[in-house]
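Please keep the structure open as you read.

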Amino acid sequence: MSERQVSYRYGRIEDNKAISELGALVFLSSFGSSLPHDDLKTYLSEAYSPMSIATDLRDPSVTFVVAIRDETLVGFLQLRRGTSERCIDERTNKIQLQRLYVSESCQGLGIGKRLLAEAEREARAMGATSIWLASWKPNIKAERIYESNGYAKAGEMSFMLGDSKLVDWVMIKSL
């Protein structure tokens, strides 16, 4: 199937379970072998619970765009307004691309690229002049994708996942 058979729309409260399941699955696939089981289990139960996702879907500072293929949610992005990191504090009117996930079975169809373009379009529509994200340092593939789309490293940030300290690149793009 091609990317043209995928539709995109804003996330709705009734998407919370599908977003929760896809987010946890992709996160586990991406990071599961690198983190202690207990830390991972706790994080997933908190950050990707249907209730946590529903809370984000109701939050006026958060915007979701979902990708639907054959009536199944196969990807999503999550933008969050009002966040920053020390290395980009001087930048005003920025928005965070907090999550961008695509089902493994649909990778390579252009869905991630389209979601990234949607994130940037949404950010511009909200008045942002830059968009930033955090990319886990060992995830070279993601880093290259973001760099090829105009994102530049601005610094680092640490993220505690249980007792595990993850270090991410902070990447930013002017819009």
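The points below go from the overall fold to single side chains.

1. Basis. This is a predicted model, in which local features need pLDDT of at least 70, side-chain atom pairs count only at pLDDT 80 or more, and totals for chains, interfaces and linings use all residues. Residues are numbered from 1 along each chain as its sequence is written, and side-chain values use heavy atoms, with hydrogens and water left out.

2. Fold. The protein chain has five helices and seven strands. Helices (H or I, at least four residues) and strands (E, at least two) are DSSP runs, numbered from the N terminus. Their order along the sequence is β-α-α-α-β-β-β-α-β-α-β-β. The radius of gyration is 15 Å, close to the 16 Å that the globule rule gives for 175 residues, so the protein chain is as compact as a globular protein of that length. That radius is taken over C-alpha atoms, and the rule is 2.2 Å times the number of residues to the power 0.38. Along the principal axes, the C-alpha atoms fill a box of roughly 40 × 40 × 30 Å.

3. Packing and surface. Of the 175 residues, 47% count as buried. Buried means under 20% relative accessible area, exposed over 50%, and partly exposed in between (1.4 Å probe, protein chains only). Take the contacts (heavy atoms within 4.5 Å) between residues at least 6 apart in sequence: 64% of them join residues at least 24 apart. The protein chain exposes about 9200 Å², and carbon and sulfur atoms supply 49% of that area. Accessible areas come from the Shrake-Rupley method with a 1.4 Å probe; for residues, only the protein chains shown count as cover.

4. Salt bridges. How many salt bridges does the structure hold? There are 11. The term means a side-chain nitrogen of Lys or Arg within 4 Å of a carboxyl oxygen of Asp or Glu. Side chains of opposite charge can pair when their charged atoms come close.

5. Arg80. Asp56 forms a salt bridge with Arg80, with the closest N and O atoms 3.0 Å apart. Asp56 lies in helix 3 (residues 50-58) and Arg80 in strand 3 (residues 72-81), so the pair ties together parts that are 24 residues apart in sequence. Both Asp56 and Arg80 are buried. Asp59 also forms a salt bridge with Arg80, at 3.6 Å between the closest N and O atoms. Asp59 sits in the loop between helix 3 and strand 2 (62-69), and Arg80 in strand 3, so this pair ties together parts that are 21 residues apart in sequence. Asp59 counts as partly exposed at 24% relative accessibility, whereas Arg80 has 15% and counts as buried.

6. Helix 4. Arg121 forms a salt bridge with Glu118, the closest N and O atoms being 2.8 Å apart. Both lie in helix 4 (residues 111-125), three residues apart, about one turn of the helix. Arg121 is partly exposed, at 41% relative accessibility. Glu118 is buried, at 11%. A network of salt bridges links Arg114, Glu118, Arg121 and Glu122.

7. Glu143. Is Glu143 buried or exposed? At 9% relative accessibility, Glu143 counts as buried. Glu143 lies in helix 5 (residues 140-148). Not counting residues up to four places away in sequence, Glu143 touches Ser135, Lys137, Lys153, Trp169 and Met171.
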